[in-house]
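These are my notebook entries on one structure. I set down what I looked up, region by region.

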Amino acid sequence: MKAGCSQLKPAVLILVFNLCFYGSYQVTDLQICELCSGAVLNGTAVGRFCSSSAGRIEGRCCLRNDNTSDPEYIIGLDLSNCSLTHVEDLQRASTAAYKLLLFRDLSLNPIVNISEAAFQGFIELNYMILPQDIFCPGGNTSWEKVEVKEGNRFCEGQKDTCNQTGQLSMNCPENSLCAPYGPSFFECSCADAYHGYKCLREGEFPLLQVFAPLGASTFVISLLLWLTQRRKAEPL
Amino acid sequence: MPPSCCGCLSQYTHHHLVAFLLTFFSYVLLHASRKTFSNVKVSISAQWTPTFTNDSAAAFSPGKTWEGNHLFADKEQATLFLGALDTIFLFSYAVGLYFSGVIGDRVNLRYVLCVGLCGSAAVEFVFGTLTEWLKIYNVYLYCGLWVLNGLLQSAVWPCVVAVMGNWFGKAGRGFVFGLWSACASVGNILGAFLASSVLKYGYEYAFLVTSVVQFAGGVVVFFGLLTSPKEVGLSLEAETGLSPVKTDTDSHRPLMSDEEEEDAAEVEVYDRHYHSIQEPEDPLAEAPLPVTFCQAFCLPGVLPYSLAYACLKLVNYSFFFWLPFYLTNNFGWKEADSDRLSVWYDVGGILGGTIQGLISDLMGKRSPVLALSLVLAMASLVGYSHSPNDQVINAALLTTTGFFIGGPSNMISSAISADLGRQDALRGSQKALATVTGIVDGTGSIGAAAGQYLVSLIESKLGWIQVFYFFIAMTAGSIVFITPLLHKEVREMWRERQALRRQL
């Protein structure tokens, strides 16, 4: 589908994220805010969310920082009326920021499909507005509340995939624990003390405790044997 | 030199003890690292493959942790490859044995032994630890390294047997070698222990620990091993002190009718401990020329024993490799139980080797003991193949089978190899021990390698009971190969008895 044929539908695409977080997630890549022209408008869902959570609008993003020394995070993204046809590029454009997106408005886009993995990793994604005919990522079971009004679909409150008893509850392999990883996604990360490929390794090998006595005893035995055995040996 | 206390052992010095222990532990360490490889197979194949998921379910994320390695698509393929590595190893080990024995007789045995131990330790380190640290997973690299490992490891056995043969003469050889050949089984136990205690840190540490320990063993051997009593001025035949049951006629008619005792007589046995090789004694012993490979092959007894050992090692190693698998499959016992139970086969082998060695020492002949044991082995195989589903009875049958199969197998590979390498026909060229040991064990290993393949083939096509018939046929085959020797030795015994009777 060509870009530009999106006028048929009211166009809003909104994302909202609860941004409570850790300074380690730095927004170094604000490219996504410039993905399409224009800025977040005050009256839109993202605009309201942004002002209520004391954010700052830049391009299509709503940014906030918890204290002045920390860098800013994207807490909301308004991609409405952006002529998006596929929602997979999105992630690529926002690799640095995606974990922080809390609120996302994707309405008013001629989206035909959302790739399966498009929202993988969006742990904090809490509110989405999509065109009506697009289902919430991960299906209705992944959201607390899904409703359709005014030609848009609202996905609210991401559910924790790991604690679900429903069809998608998957057990992680041995030595790993389940952690939410975006709508309907989960991540198996190594349990305490386990690490490495498939979490097969436990603890750190005590190199010094093993090899120091070994080296010392090798030296002593060699010396002892040389003194008692080979010292007076004559070549054959 | 403080001689050890108990009567018949009084001829041994502390040098004998150290040589015994050093050669024993050299092979223990070698076998321990072999066992390590078979014990970490599960971890390695996990490392080489992505996580198994149902087709319907999504793959686990993050992909790097769960799907990162694709050397093999699944566990079955990885297992096949690991089996192929075993076969590659056995073949290169067999080929290497033919060469390393020849080299061992020409170069200082100590150097060859050290190169074998330290070299194979280094290769194992690269194979198991370095490739994992650098994340290089390559099938061809693994195959190449394992071929090299087989070649390097093959240097060890002929050397340790040759050193033992130098230190321990014919008279007590059967018993001493029987005891000594427990080294392989002790190595298995040590390897299993080492592997299981560090496996949780990752399989690369199992390789790291066993290879470093093996390397350390090589260093100790380099500084401590005397390859021959001559190096400290002891007579080579220090203990021709003769076993108590031998009559006078017997004492001059050694087991393989070899030169040892006659030689010893020339150099005056009785001041043996302090006699120096510097004294001109036998001009030929001054500069012993090593035999060539072909000469060694044509020595009397080498070919028959090699072929007999090929049949026997096939059966013996099939038990070593397949027993836990058979027990788990056939009786449905847990893997840990099967592993534990299969130790009884080793126990039987140690007992068999020692006791049969002792009997053969007392008799003054080896092949009658061997033949009798092999006949009983066939019977015990029949018995074992009909073992009831009971772990105690199975363990008892297993020990019996190990006694009658492992015993002769240990005896041929150590005591008899040493006999053959120092026999009469070698007069003037004493350095044949390592070469002959290499030939016997090399031929045996070819049999073992072929057996690996044949057992899996027969098992999949015809079932386990046919595998046992195959074992019985192979045991019968080894009896056939030693029949000429048996015939000769029994006739000799008969003649000796006649002569003795006439004397009386």
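I take helices (H or I, at least four residues) and strands (E, at least two) as DSSP runs, numbered from the N terminus. With that convention, I placed B:Gly218 in helix α10 (residues 203–224) of chain B.

I note that this is a predicted model, in which local features need pLDDT of at least 70 and side-chain atom pairs count only at pLDDT 80 or more, while totals for chains, interfaces and linings use all residues. Residues are numbered from 1 along each chain as its sequence is written, chains are lettered from A and ligands numbered from 1 in the order in which they are written, and side-chain values use heavy atoms, with hydrogens and water left out.

Entry on B:Gly218. I looked up its accessibility: at 1% relative accessibility, B:Gly218 counts as buried (buried means under 20% relative accessible area, exposed over 50%, partly exposed in between, with a 1.4 Å probe and protein chains only). I then found B:Cys118 at 5.4 Å from B:Gly218, C-alpha to C-alpha, although the two are 100 residues apart in sequence.

Entry on a helix pair. I examined α15 (residues 302–331) and α20 (residues 464–503), both of chain B; their axes lie 9 Å apart and the packing angle is about 160 degrees. Axes are lines fitted to C-alpha atoms, for helices over the stretch in contact, and angles run from 0 to 180 degrees between N-to-C directions. I therefore class α15(B) and α20(B) as roughly antiparallel to each other (angles under 35 degrees count as roughly parallel, over 145 as roughly antiparallel, 65 to 115 as roughly perpendicular and the rest as oblique).

Entry on strand β8 of chain A. Six of the seven residues of β8(A) (residues 152–158) are buried, so this strand is largely enclosed by the rest of the structure. I looked up its partners, two strands being paired if DSSP finds at least two bridges between them. Strand β6(A) (residues 125–131) pairs with β8(A) in the antiparallel sense over five bridges, and A:Tyr127 stands opposite A:Glu156. Strand β7(A) (residues 143–149) also runs antiparallel to β8(A), over six bridges, with A:Trp143 opposite A:Gln158. In the hairpin of β7(A) and β8(A), two residues lie between the strands, and A:Glu150 takes a positive phi near 50 degrees.

Entry on an annotation. An unreviewed UniProt entry places a "transmembrane region" at residues 207–227 of chain A. In the model, I found this stretch to be 100% helix and 0% strand, with its end C-alpha atoms 30 Å apart. UniProt positions are given in the numbering used here, feature names are shortened, and annotations may be inferred rather than shown by experiment.
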